[in-house]
Amino acid sequence: MAGSIPASASAEPVRRPHVGPWKEAWRRFRKHRLAVVSAAVLLLLILGVLLGPLFWTLPIDEIDFAATLQGPTLAHPLGTDDLGQDLLARVLYGGRISLAVGFTAMLVAVGLGILVGSTAGMAGGRTDAGLMWLTDLFLSLPQLPLLLLIIYLFRASLTEVVGTELGVFILVVSVIGAFNWMPVARLVRAQFLSLREKEFVEAARALGASRRRLVLRHILPNALGPVIVAATIDIAAAIIAESTLSFLGLGFPPDIPTWGRLLFDAKDNLDFAPHWALAPGIAIFLTVVSINFVGDGLRDALDPRRVL
Amino acid sequence: MMEDDLRQMIGRVQRGTLSRRGFVKRMAALGITAPMATQLLAITGAAPAAAQSGSVPAYAPSRRGGGGALKILYWQAATLLNPHFGSGTTNNDASRVFYEPLAGWATDGTLFPILAAEIPSTDNGGISADGRTITWKLKRGVKWHDGVEFSADDVVFNWEYAKNPATAAVTSGSYRDVNVVKVDDYTVRVEFAQPSPFWADAFVAAAGQMIPKHLFKDFVGANARDAPTNLRPVGTGAYKFVSFAPGDNLRAELNPNYHRENRPYFDTLEIKGGGDAASAARAVLQTGDYDYAWSLQVEDAILKRLEEAGKGRVNIVDGGSIEFVQLNTTDPNREVDGERSSIKTEHPAFRDPAVRQAMALLIDRGALEQHIYGRGGPATANFLNNPPRFVSPNTRWEFSIQKANEILDRAGWARGRDGIRAKDNVRLKFVFQTSVNAPRQRTQAIYKQAAQRAGIDLELKSVTASVFFSSDVANPDTYVKLFADMQMYTTTMPQADPERFMNQYTSWECSTKANNWQGRNIVRFRSEEYDALFRQAQGELDPVKRASLFIRMNDMVVNSNYIIPLVKRPTVSASLNNLNPVLSAWDGTIWLLGDWYRTT
């Protein structure tokens, strides 16, 4: 056939391997060195507090006056406190509580934030204005005094129902969560406002997608990037808030060694037994810093418009 | 010591063959403290229990003022400035800045006249021969801060105010059973129904702080708490009121019309409240930000290290204070007529003497002394530890987990699947509360571990000190309410005589909703036998018999194990090296604040 151009192999469409959005995100995330290192550190910390007590079986409250305020030794790798209690065991145990509080409080905050933000963003009009007023109201409340007040008011009644540890856990988590949802709500609302006018959403609407499908299937997944970043910051904030409460002697009962409580106990001995404060202090520091870096990495990874 | 010997010696003092000082020395050798000895002489008419030269350190400054600012740190902040309502040392001390009693207790246990012209004695006709009336002569020319003259009417008013049940004053115990008569404008007579060996209670020291009649007369009884002057005191003290933020700080300034010459030395005074004991110690000993820090309940090891900085010193004054545990006699988890821990209930577990005995065996007092309190807390088995004459020789403390286990086994408290003992649906799981304070949290941890090994679960609770020790009626976490199974704190002995100290286990002092939890019997210990012993001691003029009565009372509460004494607490405070505080073991820190000065 004259004039016809023979089909050549090179003209075949390029068969690039299909890369899903998550894989792509992971590729981008890997480019952020600090984030990867931080993720490893965080993973190590989480595994440590989860599995550590299985291997390090010294009890957290074994009093031994023969070994008070010792620096790190083989028997006590992180040293002991003034009652001779093993600090490694206490830091591991405390980490479980501190991390659990951090992650759960984050879930509460993000859940509330998404609910309020997406409702406001989709509904618009009066509902939007009202919800944003509410957000502003919560933002203007002084967090710590309110926290103290709520714990003081409800601690007794709640611990009666579910027991002390769980009661304080629920209280601390819900209170911290209830005071950290506002930034998330604002972010989500802003995302919704811009996304709902985008062409792909209009296309979906033109195809007859229901409102609920629009939100769940098209808008929300695209709005999640900034939310995940905000969530990581919330975890750090919650861990610090719990530490503050324990430090003030208001969180968990005094015999439960959360990281904040360990710091509180250690502070009087800071100048002659610094190892006591260092272990929980470093643990809080590492957790918060690594979570923040991971959040940073995630922001880069999840923003499709950003060129890496 | 035999009664006869004592009488002989007193006779020698009266005849003049033995000096008063010699008498006191001999008494001291026999274990009778100076306060008791001087009171003995006072009662038997040989000498006034008045302060002698040397009871109070000499005051050096030769003019009033010019000393700059005095900054005192109380890590428990005051919440009230009415001495008749302030439960707790902080409130008593804060109001003492402005209000003064007729006399205060010097550290050697003698009475030092403040608003009185002299201390009553048989010699000056102040004490009647039958021991039933005391006549106080008041100092003339004393003015309240607003310029009104202080007179006998004020003294009588304070009695009427405090004894009125509707006022619900914490001081009511000192005034209820006496009668007060105005003789003339500067003389007041206190009448007792029975001969009273211990008469120096009404109008003396903390309970004797005088509030002005002309400002409080419309606020007697039910509306006593509405008086604006409860928070803006007008007193006679060396410093005048400037401002007060309850729970935070108190400011005062020099009173130019103060009735004692050349006093005070400082121009302004600030009492800052809040924080914690260790930071307070640091603020004086390490950084020198404050001049004086009160009641340093801090591990001794820390204090010793801080002292090495060389800025200040630690003052240890041995008194009668004691750190102890109370086992609630009532049920904190049941409400009767809207009241928790009502005296109509019984504690479901602690009503069994075996449980209480086990609890007493489970605290290792030796470890507390050795590893936590050091100089600031020798272990003790007694509630009444000073003066030595009143110390019971009959009690011992012991730490034995094994014995506790045996006692509980024998009493039928069997271990459940979780290792916690129970009997008839009552589990040995107790809420153990105290204030936020490092040594107390250590003690809690030590107690909890030992209890765990005996099948008892202690749930630890720590309440911020400014809440725990506040007089706030609306707060459920205050120590006076004791809405927990057990609690631990330090109680102070306000005078060199145990009468007012031991009244805290009499049934009429129970802390209940009806008296706004102002009663002193916080553990709500009730025993007819104890009440009878106490009343007997109140009227017993024979000092030896009286001492034995108090020893029996001590043994009763200690052996009941509702009260578990832990360690004695001498007052430990810190002051800068150049400050000369006048401290007393038998009165509040502020008792003679006007005499404090700085050496430059």
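This is a predicted model: local features need pLDDT of at least 70, side-chain atom pairs count only at pLDDT 80 or more; totals for chains, interfaces and linings use all residues.
Chain A is helical in its secondary structure, with 11 helices and 0 strands. Read along the sequence, its elements follow the pattern α-α-α-α-α-α-α-α-α-α-α. The C-alpha atoms of chain A fill a box of roughly 100 × 55 × 30 Å along the principal axes. The radius of gyration of chain A is 25 Å, whereas a compact globule of 308 residues would have a value near 19 Å. Of the 308 residues in chain A, 38% are buried. When contacts between residues at least 6 apart in sequence are considered, 69% of those in chain A join residues at least 24 apart.

An unreviewed UniProt entry lists residues 34-56, 97-118, 130-154, 166-188, 219-241 and 276-295 of chain A under "transmembrane region". Two of these annotated segments were examined in the model. Residues 166-188 of chain A are 87% helix and 0% strand, with the end C-alpha atoms 31 Å apart. Residues 219-241 of chain A are 100% helix and 0% strand, and here the end C-alpha atoms are 32 Å apart.

Trp133(A) is placed in helix α4 of chain A, which comprises residues 125-140. Trp133(A) counts as exposed because it has 10 C-beta neighbours inside 10 Å, the limit for this class being 12 or fewer. Trp133(A) and Arg90(A) lie 43 residues apart along the chain, and their C-alpha atoms are separated by 43 Å.

The interface between the two chains brings 20 residues of chain B into contact with 15 residues of chain A. On the side of chain B that touches chain A, two or more residues are given by each of α9 (300-307), α11 (365-373), α13 (438-453) and β19 (457-463) of chain B. The largest share of this side, 8 residues, comes from α13(B). By class, the side of chain B that touches chain A consists of 9 nonpolar, 6 polar and 5 charged residues.

Strand β19(B) also belongs to an open sheet of 5 strands in chain B, which has mixed pairing and the order β19-β18-β20-β12-β21. The edge strands are β19 and β21 of chain B, each of which pairs on one side only. On average, neighbouring strands of this sheet are turned by 25 degrees against each other, direction ignored. Strand β18 (residues 429-435) of chain B pairs with β19(B) in the parallel sense over 7 bridges. Ser435(B) has Val463(B), in β19(B), as its bridge partner. Helix α13(B) packs on the sheet and touches β18, β19 and β20 (486-491) of chain B, with its direction at about 170 degrees to that of β19(B). Because 5 of its 7 residues are buried, β19(B) is largely enclosed by the rest of the structure.

Two further helices of chain B were examined for burial. In helix α4 of chain B (residues 89-96), 8 of the 8 residues are buried, so this helix is largely enclosed by the rest of the structure. The buried residues of α4(B) are Thr89(B), Thr90(B), Asn91(B), Asn92(B), Asp93(B), Ala94(B), Ser95(B) and Arg96(B). Their cover includes β1 (69-74), β8 (249-254) and β9 (268-273) of chain B. In helix α10 of chain B (residues 353-361), the buried residues include Val355(B), Arg356(B), Ala358(B), Met359(B), Ala360(B) and Leu361(B). The buried residues of α10(B) are covered by elements including β12 (322-327), α12 (401-410) and β21 (563-568) of chain B. Strands β12 and β21 of chain B are also members of the open sheet of 5 strands.

For chain B, an unreviewed UniProt entry assigns the annotation "domain: Solute-binding protein family" to residues 126-507. Over residues 126-507 of chain B, the chain is 23% helix and 21% strand, and the end C-alpha atoms are 32 Å apart.

How values were computed. Residues are numbered from 1 along each chain as its sequence is written. Chains are lettered from A and ligands numbered from 1 in the order in which they are written. Helices (H or I, at least four residues) and strands (E, at least two) are DSSP runs, numbered from the N terminus. The radius of gyration is taken over C-alpha atoms; the globule rule is 2.2 Å times the number of residues to the power 0.38. A residue is buried if 20 or more other C-beta atoms lie within 10 Å of its own, exposed if 12 or fewer, and partly exposed in between; C-beta atoms are placed from the backbone. Two residues are in contact if their C-beta atoms, placed from the backbone, lie within 7 Å. UniProt positions are given in the numbering used here, feature names are shortened, and annotations may be inferred rather than shown by experiment. Ala, Val, Leu, Ile, Met, Phe, Trp, Tyr, Cys and Pro count as nonpolar, Asp, Glu, Lys and Arg as charged, and the others, Gly among them, as polar. Two strands pair if DSSP finds at least two bridges between them. Axes are lines fitted to C-alpha atoms, for helices over the stretch in contact, and angles run from 0 to 180 degrees between N-to-C directions.
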